[in-house]
Amino acid sequence: MLTPFLRDLPAFAQVQEAEPRPVMRETVDYSKPVSRRESETYRTLEARLGAWVFTPALELQERYDSNVYATETLVESDLITVLKPRARLKSDWSVHSIAFETGADLGWYQTLTNENYQDWYVRNDNRLEIRHGLDLTTNLLYRNAHVPRSSPDSLDAAAEPLTYDLVNGSLGLERALGQFGVRLEIEAQSLQYDDSHGRLTDRVIDNSDRNYDTLLGGVQFSYRPQPEAEAYLGARLRDIRYEDSTIKGGPNRDSQGYELKLGARKGFSDLWFLDAYLGYAPSFYDDETLADIRGDQAISAGAELLWSPTALTSVIGELERATQQTTESGASAIIRTGVSLRLEHQLTRSTLLDASLGYSQSDYYGSERKDDDYRAGVGAQYFFTRLVAVRAAYDYSERDSSRAGSSYDDHSASLQLRLNY
């Protein structure tokens with residue numbers, strides 16, 4: 001459908017498709033893993049509309065899931081057909097930048113039709129130069145989506161996946177002073193959950209106790225001695241307000257806090273690239289029954305280490321420690337620590353292989369619950385042309401939970417047809 005559509009564009013819409021480049025060390029961007037360098041070898045299809053560039057994409061997937069509900073008992077399996085269209089329109093101006101993007105993730109189950117979902121989003125990102133060295137940035141996102149059954153936020157008693165509306169917007173001001181920079185930003189987010197229906201009864205489940213708004217504001221200082229190296233220090237305040245977390249007898253989950261973050265991005269020759277930060281993000285709750293997040297529990301961290309032993313191979317290690325909201329009884333928040341390792345190798349000019357391992361621990365701070373999650377996967381992608389690729393993948397996930405009935409294991413196999421990804 002994509003190619004005929006582009007063929008019918010008016011004469012001024014010029015379709016651009018660059019020739020692939022040979023894989024040579026001097027032409028490879030080693031700050032990206034092999035899979036994200038695909039556009040350098042297989043250029044995406046772009047339709048130029050005057051001073052704008054239009055980029056469409058589509059993915060069709062057939063997936064088998066051995067444990068749809070991510071449950072320990074009464075396991076159900078099914079086949080799922082997934083369609084993921086996406087389109088991006090971006091300005092190609094010398095000074096300002098404006099971008100619009102929309103996409104969807106649509107899933108249809110062969111047997112368990114209550115699990116069907118229709119996720120979609122729209123976003124707008126702008127960068128406007130007020131004067132040389134001073135930029136105004138705005139970002140706006142609206143997302144309507146479902147919560148995966150494997151998520152800690154999933155509602156086991158619901159007959160269908162839990163759905164929500166997310167609105168996120170930010171306004172920033174950036175000033176560049178040679179190698180130094182400063183950014184002021186304010187960000188607001190609203191998360192609203194839809195009501196659900198019971199799986200065993202037709203009763204309506206009120207999920208408004210999960211709804212909350214977040215307001216953040218702060219400043220970040222940066223130092224960039226060269227394009228591939230940057231150090232930064234940021235600080236911001238955080239305020240979280242729930243619509244009414246007490247309607248089901250739970251505690252008042254309103255909280256305030258702040259975030260401090262020190263980070264750096266640096267490339268070391270062509271072999272290594274490191275992007276890491278260390279932070280401190282305490283939370284103080286209005287309700288005395290909820291334990292504040294402070295001390296070593298408030299430490300946040302993130303790191304991505306990219307190793308490129310050859311021009312065709314990437315090894316990516318990741319670490320993340322962060323605090324997440326939860327409505328789990330007795331818990332203030334989820335303190336999640338995760339590590340992962342991923343290997344990518346371009347076997348031939350048209351074949352990309354990958355394998356991954358991951359582990360995470362979720363500590364429901366203030367309660368006895370702890371979850372250990374394990375993940376493993378392998379995949380292979382083959383490009384028929386510069387615009388068409390097929391991918392086969394197998395993934396395994398397992399959860400070992402201290403809460404009775406919350407452990408599970410799941411096998412997933414998928415075959416995907418990708419156009420312009």
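Student: Is Arg241 buried, exposed or partly exposed, and what is the relative accessible area?
Tutor: Arg241 is partly exposed, at a relative accessible area of 36%. Buried means under 20%, exposed over 50%, and partly exposed in between, with a 1.4 Å probe and protein chains only. This is a predicted model, so local features need pLDDT of at least 70 and side-chain atom pairs count only at pLDDT 80 or more, while totals for chains, interfaces and linings use all residues. Residues are numbered from 1 along each chain as its sequence is written, and side-chain values use heavy atoms, leaving out hydrogens and water.

Student: Which side chain does Arg241 meet in a salt bridge?
Tutor: Asp239, at 3.2 Å, N to O. A salt bridge here is a side-chain nitrogen of Lys or Arg within 4 Å of a carboxyl oxygen of Asp or Glu. Asp239 is partly exposed too, at 23%.

Student: How many salt bridges does the structure hold?
Tutor: It holds 29. One of them joins Arg48 and Asp92 at 2.8 Å, N to O.

Student: Where do Arg48 and Asp92 lie?
Tutor: Arg48 lies in strand β2 (residues 46-49), and Asp92 is in the loop between β4 (78-91) and β5 (97-109), so the pair ties together parts 44 residues apart in sequence. Strands (E, at least two residues) are DSSP runs, numbered from the N terminus. Asp92 is partly exposed, at 43%.

Student: What about Glu101 and Arg88, how do their side chains meet?
Tutor: In a salt bridge of 3.0 Å, N to O. Glu101 is in strand β5 and Arg88 in strand β4, 13 residues apart. Glu101 is buried at 17%, whereas Arg88 is partly exposed at 29%.

Student: Which residues are linked in a network of salt bridges?
Tutor: Arg127, Asp135, Glu174, Arg183 and Glu185.

Student: Switching topic. How much space lies in the second largest pocket?
Tutor: About 480 Å³. Of its 25 lining residues, the closest to the centre are Pro152, Ser154, Asp156, Arg369 and Arg403. On a 1 Å grid over the protein atoms alone, a pocket is an open set of points with protein on both sides within 12 Å along at least five of seven lines, and lining residues have an atom within 4 Å of a point. The volume is the space filled by probe spheres set on the points.

Student: How does the lining split by class?
Tutor: Seven nonpolar, nine polar and nine charged.

Terms used: 1 Å grid on protein atoms, 1.4 Å probe; cavity = no way out; pocket = protein on both sides within 12 Å on 5 of 7 lines; lining within 4 Å. Nonpolar A, V, L, I, M, F, W, Y, C, P; charged D, E, K, R; others polar. Helix = DSSP H or I, 4+ residues; strand = E, 2+ residues; numbered from the N terminus.
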